[in-house]
Amino acid sequence: MDDDKIVREVERRRQLADRNVSAVVDLLQRRQELKGIYPAADFFAENVGWAV
């Protein structure tokens with residue numbers, strides 16, 4: 001496996017992770033009734049919301 005391929009894959013995974021984080025935060029902001037159902041998601045969305 002060459003270094004360029006590794007770098008591209010790491011970047012692709014970072015972009016996917018960023019997209020997923022953004023989607024969770026956006027979902028919990030749009031759907032207030034989901035808050036409190038899964039405490040870990042609430043914690044995650046609150047902390048990421050401050051960072052974004």
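Accessible areas here come from the Shrake-Rupley method with a 1.4 Å probe.

**Figure 1. Meet the whole chain, shown as a predicted model.** The protein chain exposes about 4,600 Å², and carbon and sulfur atoms supply 58% of that area. Of its 52 residues, 10% count as buried. Look for 2 helices and 0 strands. Salt bridges come to a count of 5, and the next views visit some of them.

**Figure 2. Glu 9 and Arg 13 form a salt bridge.** Here the closest N and O atoms are 2.8 Å apart. Both residues belong to helix 1, which covers residues 3-30; because they are 4 residues apart, about one helical turn separates them. Glu 9 is partly exposed at 27% relative accessibility, while Arg 13 is exposed at 56%.

**Figure 3. Arg 14 and Glu 11 meet through their side chains.** This salt bridge spans 2.4 Å from N to O. The two residues sit 3 residues apart in helix 1, so about one helical turn lies between them. Arg 14 is partly exposed, with a relative accessible area of 41%, and Glu 11 is also partly exposed, at 32%.

**Figure 4. Arg 30 and Asp 26 pair in helix 1.** Their side chains make a salt bridge of 3.1 Å, N to O. Arg 30 is exposed, with a relative accessible area of 55%, whereas Asp 26 is partly exposed at 36%.

**Figure 5. Glu 9, Arg 12 and Arg 13 belong to one network.** Salt bridges that share partners join these residues.

How values were computed: Residues numbered from 1 in each chain as written. Predicted model: local features only at pLDDT ≥ 70, side-chain atom pairs only at ≥ 80, totals over all residues. Heavy atoms only, no water. Buried < 20%, exposed > 50% of the residue type's maximum accessible area, 1.4 Å probe, protein only. Salt bridge = Lys/Arg side-chain N within 4 Å of Asp/Glu carboxyl O.
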